[in-house]
Every structure is written in structure tokens, then in C-alpha cells.
Amino acid sequence: MMWVSDTNNLILTNNTGEIEHHLTDLSSSYNGSHTVNSESELIYISGDGNIKKLSKDMKTTTTFIEQSEPKKWTPQCVYWSSLTDDLLIGMRCKVSRYNMNGQLTQTIQYDKTGKLEIYCDPNCITENNNEDIVVSDFGAVVGTNSLGEHRFSYTGNPLGSGLDPRGICTDAFSHILVCDVKTKTVHMLNKDGEFLSHLLALREQMDSPYSLSYGVNTNHLYVGSDSHNNNTVHVYKYITEQDEEYEFDVMFASTPEVLTKTIL
């Protein structure tokens, strides 16, 4: 099963593209607006800016974190950590960590000087196997360790050539995979934010990779494509650390902007 969202819709689909569940109470952002926790519950940013939780049986929706300061606290992306069972929330210029009870435990915003902001406008968040927090930000991929200390900012290859990052995830080898709208490829980085290679370059099946998710159990890479009315999730099988093989497509009615794998 896979949760897929676009601007206004959030659906649970099987591998043939059949809809199992459909939600419309979704934030209209183009960011990583949903995630799945360790209990297979859906967590998402609702249209009113709150963080909501949908039960595994999809019968009960509750408010997990309520937005109490709309002008200062605007969630843009979410990610549930399978390593710590914490929820990471990206907001303008910062990332905050909440425990499973919805209590704020950490805020990452500034570098070690306490003056320069690490982030600008977070799009998507993921976490690496070493507990590094990796963010698809405006013009850069930004990595910090679990303490919030800045480790790297990747701005394209060659260095500083420019980057327009969207969906981001990590794989079993601790590689960082990020969709780049500018080059219309997926950039593969090592755990230290250093460029390794381009994936999915000049693929006939898609125009531009926009969102992606890595299936740990299947070694599948699920890639949402912005393909001008050919709205498809492409599924690739990882062969080695740097090779991929096209397997099959799942068709949708609109551009898949966020992908989240779930086991039900």
C-alpha cells in the first residue's frame, strides 16, 4: 500500500492504482505534507494547519498537534522517524521535533554561532541511518546531526551550480536521494552530502521526478512524476548501490507530489 498526495487530495492506493481510501482535508502545499508512523497511522498537515492522525483502520481522525500560533507556527512538511519514534516538522526557517505524545523536544534553526539560520523554506524532510536530519530546502539539501548541528549544505553539482530540490529520501546504503526539478533527475549523495551520481536521467517514462520514497523491505524506489497530464508513480528496483531498473507504473488522476510507503 502507498499514500500519495497532490495539491488537494490524499489517497491510499495499492500497486495497481486502485484507491483504498481518500482524504480531502489536506494542506494545499506542494511539500512533504504526510508521513506514516510506526503504528501504520497516517499523520498529515490538514487544511487548517493542524497536524492530524488517521487511525490504522481509517475510522478515526484526531488532532495530534494543534496550531496555536498561526502567524509563527506554520507546518510545511512532516516526517516520522522510525529510529526515534519522533515527528519532525519543517516550518519556515526551522525544523522542530515532537515526541509520540505531541510534546516539543527540540528546535533546529541556527548554526553553532547562534546567528545564521540553517534553513530557508523546508520542502521535505527525511532521516538517515545515522540519525542525521536531511532537509530539501530552498536551493539546497541541508543536513544536520541528531543534535541539530549543521553538517553540510549541498547546492548542486558542480558545487554551487544550482539546485531546485523537491522529494527526498535515503536508502539502505545511507545514500541521500533527492528530486531536482532543475536537472529533471534524482541526485544521489553520500551520507556527508557529497555528490555521487544522477539517477533516472533522460528517462522516457517521465518528464521530471518530483517526489520519491524508498521501500526498505522491497528495495523499490517509488518516484512521482510531473509529466504534463501523465500523472504516474514510477517504480524502480534497486540492483546495486548506484544502479536502478525500471519495473512498472501506477497511474493517478493528478501529479503525485508526496509519496509515503505504509504496511497495512
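Helices (H or I, at least four residues) and strands (E, at least two) are taken as DSSP runs and numbered from the N terminus. The structure is a predicted model, in which local features need pLDDT of at least 70, side-chain atom pairs count only at pLDDT 80 or more, and totals for chains, interfaces and linings use all residues. Residues are numbered from 1 along each chain as its sequence is written, and side-chain values use heavy atoms, with hydrogens and water left out.

The protein has 24 strands and 0 helices. Of its 264 residues, 55% are buried, where buried means under 20% relative accessible area, exposed over 50%, and partly exposed in between (1.4 Å probe, protein chains only). The accessible surface comes to about 12000 Å², and carbon and sulfur atoms hold 47% of it. Accessible areas come from the Shrake-Rupley method with a 1.4 Å probe; for residues, only the protein chains shown count as cover. Among contacts (heavy atoms within 4.5 Å) with a separation of 6 or more, 42% are between residues 24 or more positions apart.

The side chain of T185 makes a polar contact of 2.8 Å with the side chain of T183. A polar contact is a pair of N or O atoms within 3.5 Å; within protein, one must be able to donate a hydrogen and the other to accept it, and residues adjacent in sequence count only if both atoms are side-chain atoms.

Two strands pair if DSSP finds at least two bridges between them. Strand β17 (residues 176-180) pairs with β18 in the antiparallel sense over 5 bridges, and V178 stands opposite H187 of β18. These two strands form a hairpin with 4 residues between them. K184 lies in the loop between β17 and β18 and has a phi near 60°, a positive value in a residue other than glycine. With a relative accessible area of 40%, K184 is partly exposed. β18 also pairs with strand β19 (residues 195-199), in the antiparallel sense over 4 bridges. The bridge partner of H187 in β19 is H198. The hairpin of β18 and β19 has 5 residues between the strands, and G193 in the turn has a positive phi of about 80°.

An open sheet of 4 strands is arranged in the order β12-β13-β14-β15, with antiparallel pairing. β12 (124-127) and β15 are at the edges and have a single partner strand each, so one side of each is left without a neighbour in the sheet. Neighbouring strands of this sheet are turned by 20° against each other on average, direction ignored; the axes are lines fitted to C-alpha atoms, for helices over the stretch in contact, and angles run from 0 to 180 degrees between N-to-C directions. Strand β14 (residues 140-144) is joined to β15 by 4 bridges, and T144 has H150 of β15 as its bridge partner.

Two further loops contain local backbone features. In the loop between β15 (150-154) and β16 (165-170) lies P158, and the peptide bond from N157 to P158 is cis, with omega near 0°. D85 lies in the loop between β8 (75-80) and β9 (87-91). The phi of D85 is positive, near 60°, in a residue other than glycine, and D85 counts as partly exposed at 22% relative accessibility.
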